[in-house]
Amino acid sequence: MALTGIQIFKLLPKTNCKECGVPTCLAFAMNLASGKAELDSCPYVSDEAKEQLAEASAPPIRPVALGKGVRKTTTGGETVLYRHEKTFFNPTILAATVSSDIDAAELDKTLKIYNAFQYERVGLNLRPELLVVKDAGNGAEAFATVAGKIAKESEFNLVLMTQDIDVMKAGVETAGFKRPLLYAATADNADEMGALAKDNDLPLAVKADSVEALQPLTEKLTGMGLKDLVLDPGSREIKQALEDQVAIRRAALKASNKALGFPTITFPCEMASNLDMETLIAGMMVAKYGGIVVMSDFTSESLFPLLLERLNIYTDPQRPMTVTEGIFEIGNPDENSPVLVTTNFALTYFIVSGEIEASKVPAWLLIKDSEGLSVLTAWAAGKFGGDDVGMFVKKSGIMDKVKHTELIIPGYAAAIAGDIEEELPGWTITVGPREAAHLPAFLKSK
Ligand code: SF4
């Protein structure tokens, strides 16, 4: 159970030195209890007090780090039930399944295909992170070979999936250096799987037949000293699976149930007979509240919408998505290509750049920092005024790239044309269409 403010206060130095930024130790204790302060802000907490206090300041769902390298990721660490209450922190991890009876050539081909599934959006690289190596019952050596090959030859991190402790040990031998998730400890093998995970300092999935049955298992494993657990309540029917995800999240957040305070793993691949249905179920799990979502396969038409959904759900709702201020080249523009300017709201950028691309007219797109506001809002808020835009064009460096002096501004910002002309003497300011959808026709007509 988390400590109350008064319990925390009793463990503090009580000198009211104010170094933590609040006037008294009591105020700091209250802030710590409500998650508004970090324990590190007080430099005078003793080590034994720290251990007890860490519990009070830890997120109710433990963050669990998986993997190594560029696709290393973390699941869990969430503090709210609904995204609008604050934000969700660690995006759902997407995984596909590889069977241990796959042959080497087929595995090479699969890894090559999977590795190509990377999409640039809003300056981010969207891609899946995990492959589940599933024991096909063809022996420890085959399992270890496939796991080792993926670990050594690809960026992907792994889930090692077998109920056989010897097969798991072989997998850990070849792929353990990449911090795989071991799947799974059950009531039958918890001692051995727990010991293997603990000895190798690896995260461990825990599987039971219900949410209720998970609790004694996680209590047993945490009692063995394991900290990084991932929960599978065993449900493989859609309605029950969703209910279990919600029940686990609620129990951890609302009832401070430490036995369920861990991220989850879900298996749409075991709930559907085709990838389309799997994708729909995965979409539901990304929204509520799958920590790891395992698919049977990755295809671009399945993966891309899931990555976009994940991107949208795991962005901070209090901060608009933005792109970096600067010059964006669309379709290899040259010194005669048109120059357009707009704001750095990510949606504005995507729509405008997409329409310019569709026009097939190479162009320079200037993105001005407007604190993530769209054109009309930015103009109304004084973030996209004529003076600002004019100064931005001057310092952007676009004048070194083109030999003409025409700037196309958004139709919604027509009112700033005069001010830009004053800031950019000799330039022609052309008012473009209000709607981005009209850009292709506008650009082609010029
Ligand atoms: Fe108390 Fe520590 Fe804050 Fe000083 S820094 S007022 S000792 S909580």
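The ligand is surrounded by Leu12, Pro13, Thr15, Asn16, Cys17, Lys18, Glu19, Cys20, Cys25, Phe28, Cys42 and Tyr44, a residue being near a molecule if its C-beta atom, placed from the backbone, lies within 6 Å of it. This shell divides into eight nonpolar, two polar and two charged residues (Ala, Val, Leu, Ile, Met, Phe, Trp, Tyr, Cys and Pro count as nonpolar, Asp, Glu, Lys and Arg as charged, and the others, Gly among them, as polar). The model is a predicted one, in which local features need pLDDT of at least 70 and side-chain atom pairs count only at pLDDT 80 or more, while totals for chains, interfaces and linings use all residues. Residues are numbered from 1 along each chain as its sequence is written.

The domain assignment, automatic or from a database, gives domain 1 (5-57), domain 2 (64-313) and domain 3 (326-445). The centres of domains 2 and 3, taken over C-alpha atoms, are separated by 44 Å.

Turning to the sheet, eight strands form an open arrangement with parallel pairing, in the order β10-β9-β8-β7-β6-β3-β12-β11. Pairing requires at least two DSSP bridges between two strands; helices (H or I, at least four residues) and strands (E, at least two) are DSSP runs numbered from the N terminus. At the edges, β10 (229-232) and β11 (265-266) each pair on one side only. Further in, β6 (residues 130-134) and β7 (residues 157-161) are joined in the parallel sense over five bridges, and Lys134 has Met161 of β7 as its bridge partner.
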